[in-house]
Amino acid sequence: MTTIAGTAGGARCRRCQEVSPSTARFCMRCGARVTVAEPAPAELRLVTVVFCDIVKSTELANRLGAEVWTDVLDAYFGQVGAALEARGGRLEKFIGDAVVAVFGADGGREDDATRAVAAARDALRRLARYARSLRRRGVELSARFGVASGRVVAADRDASFAVGSVMNRAARLQQAASSGEIVVDLKTWLLVRGTVPCHPLTPLSVKGFAEPLRAWRVDTSPRRPPDVAPRLVNQTALVRELTRQVTTAIAEPGVSTLRLEGDMGVGKTRILRELTRRLGDDVQTIFLTCGPGARRDQLWLLYQLERALGGALSVRGSAVPRTAAELVWLLTRRLRALAAHRPMLVIVDDAAPARAGLERLARACASAQESIVFLLGAREAGLTGGDRLVVRPLSDEHARDLLDEITRSAPLRGGAARADEIVRRATGNPLFVEQLALLAATGLDELIPPSAEAALGSRLDRLSREARQVLGCAGAWGEDVELPDFVATCDLDDPAFDGAMAELAEAGLLDGAMAEPAGAGPLDGAPVGATLPARVAYTRLRLADRAAVHTRIAELLQARASRRPEAMEAAAAHAERAHRAWLELDPGSRSERAAAVLAASCLCTAARVAVAQSRIPPALRLAEEAGALAGEDRALRAEIAVVQTYAMAAAGRPTEALARIREVRRAVPATVNLPAAAHLHANEIAINLGTGVWDTALLAEAHRLAELSGERGALARLLLVEALRDARAGDYAAAEARLRTARLTATDLPLCFGASEIYGNLALCLVYGDAPPAVALSECLELREEVAGRPALHAAVSCPAAFLLAMTGDEVEAERVISAAESAFADMGHAIGLAGLYEFRSMIAELLGDPAAGAAWAGRAAARYAEIGLPAAAYRCRLRAGLLDGHGPADGEEPDEHASWDLAVLARLAAALGHGERGRAGRALSCLDAALRRIDDVSGKGAITISIRSCRRVAAKLGGAAMTHVQAFMKRREID
C-alpha cells in the first residue's frame, strides 16, 4: 500500500505526486492504492517564493474609477495567478495589488526554482497581452517580480506559511526591480543558472537586511542561456578515456551507445562539453539536454532532436508527424542520411527521463551501417546497453584546487577553517564546491548546497514522518555511529525504526550511509554516517526537534564517558547545539536552562579528558566555556573550578589558580560537592608545594573530604601530592610507596586527575630508587606495557625506560624507545611531554659520555619549559646545560631555600663553577661541599649516582681538593 500525506484537496500519491480527491482509494493518475495519512508535523522545507506587484499602482488607482480599477485588478490577478498555478505554484497571499506564490509548498520538486522563474516570465507575457488592450484607454499596466529561495516552516494547513526571511527577501527584490523585470536572489540564481539566462546586479542595500543582497536580473528574451564556463579539475584522465571511446565508436560502422554516469553536479555536463570541443568538426555533434518537460512527455526529446536535425520533417507533403512511431521512423532516416557524409554523435545530457524514447530510437537505428553514436549522460544507473563510464568525486586536494580558483575573485569569509568545512561538505562534487563557496563569500552561513537541497528535498517529501526522522537523526550525529547508539537516539520503537530503515533503503537514501561489515548480519553493528541526504533531512528539522535529538545524543555519550572518554568533546558539541537551539527558540525558559547545564556538564567532562591527555590549552578553553553556561548550579561550578585550576597550574599560572580556588571556596560550601572540594584542596596543596609551602591542616581536611565522598580519584591525587613532596625532599623510597598505592587507587579511573603524573613519577622513582638498574628496568617495562593503550602515558613511561635501557648497556633499544615516545608526543602536540623527553635525552647523552649533546638537549628542554610557562623547570634545565658545557653563572647565586633537592644541588654546582672561574677556590669548594651534603640527605641510590656524575665533572673542572672531596663521599656512600 502506498501511503500518502493529506493535502487541502485530498491526498498526494507518494509514487507519482498526483493529488487525488480525498474519497479516492486509488491514485487518479498511476493507479496505486492510496490512503490518507495523519497530517505530518511542521518541518522546514526549501521553497521558492514569487512576489509580484503592479508598478505605480497608487497612481493608477487614483486615475481610474473604483469600478474600472476593480476590473483591472481582477484581470491582473487572474492572469498572474493562472500563470503561477500553471507551473505548480501555490497562491499564498493577495496583499493589496501584490500576489505571492510559493513553489514547493505542497511537496518539493527539484526544479521548483526553475518553474518559479518560468511562471514569472509567463505572467509577464500574459500581462503584456492584456496591457495592449488597456492602452486605448491611456492606461499603462506593468508588473515586476522578486523571486527568492530559502527555508520556511511547512505544515499541512490551509493558512499561509510564506513568512520570514525568504518572504521579505522576495518583497525587497521586487521593489528593486524595474517595470517588466524579474530579479532573483543568490540561492535562486544558483538553482536556475544552468537553464535561465541572468545578469548580475550591483548588490542591493535594502531595509531589514544587514548585508547587501546579491541579486540577478532574469533575461526575459527567448534565448538560450550562456554555458557556464567549465572548470575541469581532476577529470583529465576521464575526458581522455571518453574521447578515446567515442573516437573508437565513430570509426566503426553501425550504431553504438555509450553512457556517462555520475551524481548531480559532479561535472558530467562540463565533461560532455569538453568532449565536443576536442572532437571539433570531424564529427557531426548534436547536444541535447532533457528539460523538465521531458519528465512527463517521452516525445519531448524526440521533438527536440527533430528540430536540431533541421526543422520540421515531412514526407511527400504530409503534416508534421504526431505519433512516436512516425517521429522515430523519420528521425532514423534523417540520422542515417547525415551519418552517410560524416559520423554522427548525439549527446543527450540528463537522459534518464527520456529513456523510453531513446531506447526506441536506438533500436530503430540498430540495422544502420552508418556510424551513429548515442552518448547518454545520466545521474543514476538505469540506462541500459553500451559501455559505461562513471564520473568519480574529486579528491580533497583537487576540491581545494577548485575552491582556490573560485575564491580568487570572491574571497571566503572565515578563512582556512571555512575552506576546510566546504571541502568536507562538498564530498568531492564540483557544483557543490562552487555553490558553497559563493554562499560563503557573501556571508551566508550555509553548508548545504541549494541544488542538493532542492533535489533531495523532493525525494524526502515522499517519505513517511518516521523515515525523515531517522534520516534527520543521522544528520544530527554528523559522523559514523554504531547502530545501537543510533537506534537509541531516534526516539522510535523497534517496528517503526525497522519500517523507516526499510523505506529509506527502498528509496536509495541509505547508499553510503550504512556499511555492512564482513561476517555481520544485516545492519548488525554497521555505522550510520551523515550522508548528504541525512544532512538535508537535518536542515528540515525544527529548532525544538534539533534540540531534542542533540540532547539525546549528548546524554548518551556522556553516560558512556567512562568507556569512551574520547567522545566527550563530541558530547559537548551536541549539548551546545541543543542549547543554542533553545536559546533561539525560548530563551530563559526551563528547557533552555536545562540545556545550558547539560552543555556545561559535558564541557567540564571534556575538559577533564583533555587534562588526562595532558592537553592543557584545550582543557582551559573547554572549562571556560563550561563556566559561562553553568549559571547558578553551585555543584557544577565547583566541578568546573577543579578542572580549570588544575589546568591553570599546569599552564604556569599558579597565582591565578589559587585566587580562583579561594573564590569558589567562598561561594560554594564543601558539602555541596564533596569530591570537588577534596580536589580543590589537592590543587591548592600541589600549587603551594612548588613554593615550598606545606599546609598539614589543609592536607588533613582534604583527606577527610575524600574519605567522606568515597572519591578514589581525590585519594589518588592526594597520595600523588604527598609523593611529590617526598621526592622534592629526596626521599624516593617513601615517594615510591605512595605512588604504588596511588596507582592501585586510580585503577579503572580513566579521568583521574594526575594519572599521567602518577605513572610518570613512579617510573622516575624506579630510576632514582634503590633497585638495581636491571630490576628497575624490568618493572618500568611492565608499567609501559600496562599503559600501552594510552599514548600520553605510554610515552611518559618510555622516557625513564629509555634511560634505564641505556644504563644497562642497550643503547640501540634505548634510542628506539625514546624516538617512538618523541614521535608520539609530537603527534599529540604534547609540549610538556616533549620538554621532559628532551631532559631525559640530555641525561642519556651525559650517561653515554657526550656532554655537548647533553647540553644541547638540556637547552632545548629549557626553551620548551619557558614557552609553556614553567620557569622552575626551565631554570633547572639551564643549570644542567651550563654544567655540561662547563660554565657557571655570571654570579655565583645560591638556590632558593624552598627549591627541590635536585635543583638545589644543580644550583650549588653551578655556583661552584662560577666561583672557580673567578679564582675563588675557597668559595667554590664550599659550594661543592654544600651540594654533596644535600645529596647525602637523599634516599635513593639511583638519584645519588646520577647526581655524583655532575659533581665529578665540576670537581674535575675545579681541580685541587675538589676531586678528593667527591671521591671521599663516593667511598663513604659505596658508589662505584
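1. Ground rules. In this predicted model, local features need pLDDT of at least 70 and side-chain atom pairs count only at pLDDT 80 or more, while totals for chains, interfaces and linings use all residues. Residues are numbered from 1 along each chain as its sequence is written, and side-chain values use heavy atoms, with hydrogens and water left out.

2. Overall make-up. The protein has 39 helices and 18 strands (DSSP runs, numbered from the N terminus: helices are H or I, at least four residues; strands are E, at least two). Of its 976 residues, 52% are buried (under 20% relative accessible area, 1.4 Å probe, protein chains only).

3. Surface and contacts. Among contacts (heavy atoms within 4.5 Å) with a separation of 6 or more, 68% join residues 24 or more positions apart.

4. Largest nonpolar core. This core holds 95 residues. A nonpolar core is a set of buried Ala, Val, Leu, Ile, Met, Phe, Trp, Tyr and Cys residues joined through side-chain atoms within 4.5 Å. Leu-403, Val-470, Trp-477, Phe-486, Phe-497 and Cys-602 touch the most other members. Helix 21 (residues 590-612) gives the largest share, eleven residues. Another core, of 85 residues, lies apart from it; its members include Ala-763 and Cys-927.

5. Trp-477. Beyond neighbours within four places in sequence, its contacts include Asp-485, Phe-486, Ile-553 and His-574.

6. Helix 18. Residues 532-539 form this mostly covered helix, with eight of its eight residues buried. Among them are Arg-535 and Tyr-538.

How values were computed: Buried < 20%, exposed > 50% of the residue type's maximum accessible area, 1.4 Å probe, protein only.
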